[in-house]
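Here is a colleague's note to read alongside the model. Please keep the structure in view while working through the points.

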Amino acid sequence: MFLCTAIYGTSFISLVLAATISVDSSQSGNEGSKGIDGNTATFWHTRYTPTVAALPHSAIIDLGVSTAINGFAYRPRQDGNSNGNIGQYQISLSPNNITWSTVATGTFSDDASLKTVSFTSTSTRYIRIVALTEAGNRGQWSSASELSVTPTNGGTGKGSWSSIINLPLTPAAAFVMPNGKILTFSSFAKDTFGGPHGYTLTAIYNPADSTVSQLNVSNTGHDMFCPGMSFDPNGRAIITGGDDAAKTSIYDYATNTWSSGSNMKISRGSWSGGNGGKNGEIYNSASNSWTLLGGCPVLPMLTADVGGIFRQDNHAWLFGWKNGYVFQGGPSKAMNWYGTTGGGSQIGAGLRASDPDSMDGNAVIVVLPNGKVMITGGQTFAVPFSDNTAILIPELWDPATLASIVLPAHAVARTYHSFALLMLDGRVFTGGGGLCGGCSTNHPNAEIYSPSYLFNADGTTATRPVISSISASSVGVGNTISITTSSAVTSFSIVRFGSATHTVNTDQRRISLSPINTVGTTYTFSIPDDSGVALPGFWMFFASNSAGVPSVAKAFQITVS
Ligand SMILES: *[C@@H]1O[C@H](CO)[C@@H](O)[C@H](O)[C@H]1NC(C)=O
Ligand SMILES: *[C@@H]1O[C@H](CO)[C@@H](O)[C@H](O)[C@H]1NC(C)=O
C-alpha cells in the first residue's frame, strides 16, 4: 500500500487532440461540451425539463484523427448530486462514426469517483459510451463531469498502462524472481485472510508469455498472509511469520519448489502470534538456523498506535547496511540502527523529520533504472478495505530536480494490500488491493506500466539496446564484471530484485555504475567493495543508450566475496 499526497484533483488524461463531442440529449446549461472541457465543476446532463429524455443515452467523442487508445475514463458529476450517474454502460469504437465495435461493457458503481475501463489497444477516431441505466435507478438521466480516453503509447511522453491481467487470487504480497517471473500470494483463501490455516494460495505471472500458474502451497504448513519477506543471497524468497506466526517458508525459483525453513524463535504476526516482545532475531540461510539477538529490542521502534501493542510493532521498514547494521526507517517516527553481530545492538537514528508514525506510509519505492522514483496507488486518506479517494494517477519523482510529474492513470484502485515492483524488462508491475472477503474492493488482478523511456517522442516503441553477454553470472563484492551490448550505451545501473507487502520492500535498491574500462561496446565495472551496499543476492543489470532507453536487464548475482 502506498500513500501519496492529494494530487487527485482536476488534472487527468486530457483528450489527445482538439476533440469534439455529440450527445443524444442535453439540458440547456449542461451541454455535451461540458463533458470534455477538462473542468470537473461543469457537467453534461441529458434533458430533464420540460420533458425527460429516456434512457439509453449516448455520447460520441471525435478525436479528430485516428489514435491508438486502450482506455476510457468517466468522471461522474462532482457537485454532490448523484442524478444521472451512469450505471450499466457499453463502450464502442468506430473509425467513421458509422460502423461500431463494442470493446467493453459493465456497470459503474453509484458514486462520484473516477471510473476507468481498459481494453485492447485499438486505433480509432470515434469513441461512444452508451448509458443503459442510471446507477441508482433514480430516473432516466445520464450525466458526466468528464469523459476522456487513454492513449496507448508514450504519445503523452508519460508512458502507458497495459490492459488488466487477471489473477486467480487477490495478491497482497509479491516477489520479482531472478528469472523475471512474479510470485504473488494472498493467504489460505483467494479473497480473504484470518487465522493460521497451514497453507497459502500462490500465483506466478510469467511476463514472457503472459501466463499465470497457480499453486496451493501446503507442504510448509504455513499460512503466509501478512509476513516478513526477503531474498536470501541465492535469490530464494524467504517468507517468515504472518498467520502461521512462527513458520519460515522458502521458494526456490531455480527448482520452482517450496520448502520449510526452521521455525523462528519468536512468533511474528500480531494478528496471530501473540502480542508484544518481538525482539530481533537473525536467519542464517546456509545453516537454516535462527539466532535471537538480545541486543535488538523492539521497544525503540514501536509506534504510538491507538490499537496498542497489537499493532504498534507492525511491519518494520528494514534495510541492510554496512558492517552488519540494519537501518530501521519506520513506520515509527523514531529511526534506529540495529547491529546484527554478536548478541546484537541498537542505537537511535533520530526522528524522521516532522513525519509522524506512518503505518499507512510508504517504504515501497519502485525505483526505475534511471533513478527516478515511481509512486503509485494509495489514497488521499488511508482507510483499509476502501477505495474511496483512491489515487489512480501515479507520480514520478526525479531526485535530480526534486520535482514530480503525474503519469497516466491506471485502471484499478490499488489501496490497502496492493504493491508495485520493478520488472526485469524495466516495466512496473502493480497489483492487488483488498483481500477483505465479500467486500467490493478485492482486486484479483494486476497492471503493467511501460515508462516513457520505452517510447520514441512520436509515441512509437523505442528500439532498446541489448546486453548480449555478461562476463559472469556471479561476482563477489569489490570484483569486476563486464557486459557487452549490441549498440553503444551511455549509462548503467544495477537494481536489486524487489519484494513487496504492506508498504515494505526491504530488498530493492539501486546503484549507479560507471565503467572503469570500455573496449568497443564491452564495458567493465567494479562492484562496490561492501556487502552492506552491494547487498548479496540477485540484481538486474541495466544499460541505457543516449536517448535514455534501457536494455532488458541481465540478472546476475553478487556474493560476499
Ligand atoms: C456521429 O454521427 C451522428 C449521426 O450521423 C451525428 O449526429 C453525430 O454528430 C456524429 N458525432 C460526431 C462526434 O461526429
Ligand atoms: C489447499 O490445500 C489445503 C491442504 O491440502 C486444503 O485443505 C485446501 O482446501 C486447499 N485449498 C484450495 C483452495 O485448494
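1. Strand 16 (residues 237–240) and strand 17 (residues 248–252) pair in the antiparallel sense over four bridges. Strands here are DSSP runs (E, at least two residues), numbered from the N terminus, and two of them pair if DSSP finds at least two bridges between them. Within this pairing, I239 has S249 of strand 17 as its bridge partner.

2. A caution on the source: this is a predicted model, in which local features need pLDDT of at least 70 and side-chain atom pairs count only at pLDDT 80 or more, while totals for chains, interfaces and linings use all residues. Residues are numbered from 1 along each chain as its sequence is written, chains are lettered from A and ligands numbered from 1 in the order in which they are written, and side-chain values use heavy atoms, with hydrogens and water left out.

3. The pair belongs to an open sheet of four strands, ordered 15-16-17-18 with antiparallel pairing. Its edges are strand 15 (228–231) and strand 18 (257–261), each of which pairs on one side only.

4. Around ligand 1 lie S22, I60, D62, N97 and Y126, where a residue counts as near if one of its heavy atoms lies within 4 Å. A nitrogen atom of ligand 1 is 2.8 Å from an N or O atom in the side chain of S22, and an oxygen atom of ligand 1 is 2.2 Å from an N or O atom in the side chain of N97.

5. Taken alone, ligand 1 exposes 360 Å², of which the protein buries 46%; such accessible areas come from the Shrake-Rupley method with a 1.4 Å probe.

Notes:
A polar contact is a pair of N or O atoms within 3.5 Å; within protein, one must be able to donate a hydrogen and the other to accept it, and residues adjacent in sequence count only if both atoms are side-chain atoms.
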